[in-house]
Amino acid sequence: MAADRHVPLAVTSDLWWKNAIVYCLDVETFQDSDGDGVGDFRGLTERIDHLAGLGVSCLWLMPFFPTPDLDDGYDVTDYYGVDPRLGTLGDFVEFVRTARDRGLRVIADFIVNHTSDRHPWFQAARADRDSPYRDYYVWVDEPPEDGPTDLVFPGPETSMWRYDEEAGQHYLHRFYRHQPDLNAANPRVRQEIARAMGFWLELGLSGFRIDAVPYFVEELGASGETTDQDSHAYLRDMHAFVTRRRGDAVLVGEVNLPPDELRTYFGDDEGEKLDMLFDFVGNQALYLALVREDAGPLARALSTLPRIPDRNQWARFVRNHDELTLDKLSDEERQEVFVAFAPDEEMRIFGRGIRRRLPSMLGGDRERLELAYSLLFSLPGTPVLLYGEEIGMGDNLAARGRMSVRTPMQWTDERSGGFSTADPADLCVPTADGERGPEHVNVAAQEHDAESLLNWTTRIVRLRRETPEIGWGDPALVSVDDDAVLALRYEWRGRTVVCVHNFAGREARISLPDVGELVDVLAGRRTSPDLELEPYGYRWLREAG
């Protein structure tokens, strides 16, 4: 895990993502301003002060482009627009201006792997084999035996090749059949994507979260077979273009691969590909550790992470807007997590994941929630919060598929949680239900409760921003005499921070080696290296000096 980082102070503001707090939200489900049951940019702009007050520094928007909305906006029909249900380009620009006024950067999901089958490019491609858009996608007369086999959505789809009657050929779709894959080996496709990225950078975005990176870098050509080209040249070109247009722009990659395959996605020592990668391996190990009440699985996962260039960072998350994928666990480990957190079949999806939020999985257990989110903010990397996590929002298993965790934000205990004045039957997604629904869990109630999860989260966000050692420092696992305890030490610019977490529902006593007197930065008092941790307890400690 350790890396040789000696970072001059002058570059810390340039590489802002190293010590950022990212907040992911879906415009569609955040705030409805006009009563049609769908969130919009005007509603989001009205709620900016909640986000600024929480202390996050960067907003990540899920797709907001024009779409048939068959896959929650990931089926794009126009890379240059705003879906009419969500507002106009003018509304978007006003939102970005307001966010900037509050000190918030904005990044957005960008879908490079595929479009909607209703995109004009695909409509032109299927209509004429001689169309210049034909090679924007991957077509074959017969699916090749040695072609790609990693279907993203097993169950809903049984093949990643779909015969198109109008085109007279099969097209590739790793995702749903209505999402044909773009041919990333085609230079014209790359130019189109670059133009669109440049457009949004000009309108104020600070970067992009790139969806499904490993799929499009495989460089599939018109034959459907992997070529011998440098499969990562596209990432270098994309990074170079984005940073030419905006020097402090960030590229965050969704790359769910084994640890030994991750390093190449950052690039060489200068980190010239993706600036940040989500740590899916560590995320899955966290859940196994929570189930076993043993820090071992997470410690082992962290120890397998490759060293990364100085400018790069891990994106750290507890839950995201997709299913909680458990594909990197063994069958036995996955079953352990299923039994504990998704005992009913309706809670599972694709045979590999869970479609619940963490508060529902933990039954609202405040001690374990604090443990998990303290880990989020103190593990190596940049924390990424999913909207509603700050209040312990729940889910709705009656919603289809992964939409169960994409329910509307819960602002009040009023009808539809204050998200919309529309009839509940007309909401884009039903609100969360049960004990974690808006009647019991909402922003308004927690704002006025000093002990609420919202106020706890606000305090720990502020603490994380005041602890740059975690974002910039050299992380190292510390050996302690209790398997339930994870201890991490960070060194940066002559300062030391140690973060300690007890995964067990019992007390733990440990002694930290090679440190002097410590300051408990959560409690604001001095303490010795000999610690007594309450069940599911945690400490953030800075060496006194």
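**Exercise 1. Describe the salt bridge between Asp-269 and Arg-263, and state how exposed each partner is.**

Step 1. Take the distance. The closest N and O atoms of Asp-269 and Arg-263 are 3.7 Å apart.

Step 2. Compare with the cut-off. A salt bridge is a side-chain nitrogen of Lys or Arg within 4 Å of a carboxyl oxygen of Asp or Glu. Asp-269 and Arg-263 form such a salt bridge.

Step 3. Classify the partners. A residue is buried under 20% relative accessible area, exposed over 50% and partly exposed in between, with a 1.4 Å probe and protein chains only. Asp-269 has a relative accessible area of 63%, so it is exposed. Arg-263 has 23%, so it is partly exposed.

Step 4. The structure holds 42 salt bridges.

A note on the basis of these exercises: this is a predicted model, in which local features need pLDDT of at least 70 and side-chain atom pairs count only at pLDDT 80 or more, while totals for chains, interfaces and linings use all residues. Residues are numbered from 1 along each chain as its sequence is written, and side-chain values use heavy atoms, with hydrogens and water left out.

**Exercise 2. Which residues are joined with Asp-322 into one salt-bridge network, and what polar contacts does the side chain of Asp-322 make with Arg-402 and Arg-406?**

Step 1. List the network. Salt bridges that share partners join Asp-71, Asp-72, Asp-322, Glu-323, Arg-352, Arg-402 and Arg-406.

Step 2. Locate Asp-322. It sits in the loop between strand S10 (313-317) and strand S11 (324-325). Its relative accessibility is 9%, so Asp-322 counts as buried.

Step 3. Read off its contacts. A polar contact is a pair of N or O atoms within 3.5 Å; within protein, one must be able to donate a hydrogen and the other to accept it, and residues adjacent in sequence count only if both atoms are side-chain atoms. The side chain of Asp-322 has such a contact of 3.0 Å with the side chain of Arg-402, and another of 2.8 Å with the side chain of Arg-406.

Step 4. Look at Asp-72, another member of the network. Asp-72 lies in the loop between S2 and H3, and counts as buried because its relative accessibility is 3%. Its phi is near 50°, a positive value in a residue other than glycine.

Step 5. Asp-69 is not a glycine, yet its phi is positive, at about 65°.

**Exercise 3. Are Gln-410, Ala-398 and Glu-414 buried or exposed?**

Step 1. Find the loop. Glu-414 is in the loop between strand S14 (382-386) and helix H14 (443-447).

Step 2. Classify each residue. Gln-410 has a relative accessible area of 1%, so it is buried. Ala-398 counts as exposed because its relative accessibility is 69%. Glu-414, at 52%, therefore counts as exposed.

Step 3. The side chain of Gln-410 reaches the backbone oxygen of Val-441 at 2.7 Å. The C-alpha atom of Ala-398 is separated by 32 Å from that of Asp-91, a residue 307 positions away along the chain.

How values were computed:
Helix = DSSP H or I, 4+ residues; strand = E, 2+ residues; numbered from the N terminus.
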